Amino acid sequence: MITHSADALEASSVIANGLSVGSPIATPDMRAAARAAVIDIARAAPSHIARRGDGSFDPSLGGGAAGVAVFLHYAASALDEADFRAVSIDLLDQSLASLHSLPHSGLYAGYSGVAWAVSHLQQRGVDELDNVDLGDLDAIVETLLGRVPWQDDYDLITGLVGLGVYGLERMHQGAGEGIVSAVVARLAESVEWLPPGAAWFHPPWLVPGSQREEYPEGWYNLGVAHGIPGVLAFLARAVQYDVRRGTAERLLAAGSSWTCTQVKVVGREQIRLGYKVNPSAPNAPAEFRDAWCYGSPGAAVALLAAARALGDDRVGACALALARTAAHHDAAQAGVVDASFCHGSSGLAHLYARLHAATGEQIFADAAQRWLAHTLTLKTPGEGVGGFCYDAVAGGRRTWEALSNFLEGAAGTGLVLLSMCSSEPPAWDRAVLADPAPSLQLAAR
């Protein structure tokens, strides 16, 4: 029987972004439970990789094999488990072989996401991937970004920002600077200048069909995953890399200013950010949740990254006001029902841990620890993927599913559990722009 010591998931204290990270968020008891959960997820996840509607293998980063491969790599490194490493490499090999089956370029469901995973693990010293040349994919992405005007989405999940995240990962390996530069240029061409700043608009044809009746004129999206905060998080990194710096700073300052004006005071000084803005009814009641994809915590991380890139205390104050309010919320107030990274408890644990590392504020450490504990209570042995089931929509109705993927399933939960047990800042969360004080060091950690 293979055993794993409590110290195997811990690293020595390091300095990140000028602050000492110090001890892991997880207490010793939590580390033991998290370690056991990670092992259970790692053993179960490969057999639950999603199949697409036609039954074929899903190689993608967000919903398929590439995301599971990234998780298994981190689990193998933390636990010194060779079997997990071997499966990780095999899944990436299969994903690369299936690239032709992916329908588009998007980061989470397209070919750039698989390439992101390969590039990320190459930087982390996975020798088996040394012979994978992503140069042709770089060239395809650069050619795609040369289309003017840009007609597709601008978002992180499927659009421009996601391609920019791929470019950021390639800054020291391939054509990263050219890709990031082109994304900044396309964002500059598509921006709308609005008092008191600027925003990016989804016209009606980019609004999902199920919501077009409610938003017949389109919307301004306020989520990291699909909207303007994701743009801001990307532009903050472009500024720090000095890529089209003048343009990126101008867009970042204007977009941050506009986003801060969308913050609402709800009830007794509950400072929150909604999902969307309807241009035909900008003052309509808003929907709220706390998550990475939508809501205050994810947007706060993006705004804090913007504030630090710009040196703008007003944007920083807005970011911290949102984060501090949300840090007090329970599961009902946050709208949390599962353990996913995207919109669940593990994502909140990770965001608050990142906010704590960036600010040193105890309120965020407490929130991270509370959401980690909540995540561990959602594990039911013998069910789902390593004990975790996830809220999903199937056939038009809500259901609980055994999802192994990165964005909405067990791989994302496992990556967070690993991060909570280490004093070393994670690198995998570059894929979700989740560091409010991003380091530009891309060397293997």
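**Figure 1. Pro-149 sits in the loop between helix H5 (135-145) and helix H6 (160-169).** Helices (H or I, at least four residues) and strands (E, at least two) are DSSP runs, numbered from the N terminus. The peptide bond that leads from Val-148 into Pro-149 is cis, with omega near 0°. Residues are numbered from 1 along each chain as its sequence is written, and side-chain values use heavy atoms, with hydrogens and water left out.

**Figure 2. A cis bond joins Pro-195 to Pro-196.** Omega for this peptide bond is near 5°. To find Pro-196, look in the loop between strand E3 (192-194) and strand E4 (197-199).

**Figure 3. Asp-242 and Arg-244 have positive phi values.** Which loop holds Asp-242? Asp-242 belongs to the loop between helix H8 (228-240) and helix H9 (245-261), and Arg-244 also lies in the loop between H8 and H9. (Buried means under 20% relative accessible area, exposed over 50%, and partly exposed in between, using a 1.4 Å probe and protein chains only.)

**Figure 4. Helix H7 (residues 176-190) packs against H8.** The angle between H7 and H8 is about 130°, and their axes are 11 Å apart. Axes are lines fitted to C-alpha atoms, for helices over the stretch in contact, and angles run from 0 to 180 degrees between N-to-C directions. H7 is therefore oblique to H8: angles under 35 degrees count as roughly parallel, over 145 as roughly antiparallel, 65 to 115 as roughly perpendicular and the rest as oblique. From H7, the contact uses Val-180, Val-183, Val-184 and Leu-187, and from H8 it uses Val-231, Phe-234, Leu-235 and Ala-238. Contact means heavy atoms within 4.5 Å. What kinds of residue make up the contact of H7 with H8? There are 8 nonpolar, no polar and no charged residues. (Ala, Val, Leu, Ile, Met, Phe, Trp, Tyr, Cys and Pro count as nonpolar, Asp, Glu, Lys and Arg as charged, and the others, Gly among them, as polar.)

**Figure 5. Arg-186 is a residue of helix H7.** Is Arg-186 buried or exposed? Its relative accessibility is 10%, so Arg-186 counts as buried. Not counting residues up to four places away in sequence, Arg-186 touches Leu-145, Gly-146, Arg-147, Val-148, Trp-150 and Leu-160.

**Figure 6. Ser-340 lies in the loop between helix H12 (331-334) and helix H13 (345-359).** With 0% relative accessibility, Ser-340 counts as buried. Leaving aside neighbours within four places in sequence, its contacts include Tyr-390, Leu-407, Glu-408 and Thr-413.

**Figure 7. The protein averages a pLDDT of 91.** This score is the predictor's confidence in each residue, from 0 to 100, and 93% of the residues score at least 70. Over residues 1-21, however, the pLDDT is below 50. Where pLDDT is low, the predicted coordinates should not be read in detail.

Note on methods
This is a predicted model: local features need pLDDT of at least 70, side-chain atom pairs count only at pLDDT 80 or more; totals for chains, interfaces and linings use all residues.
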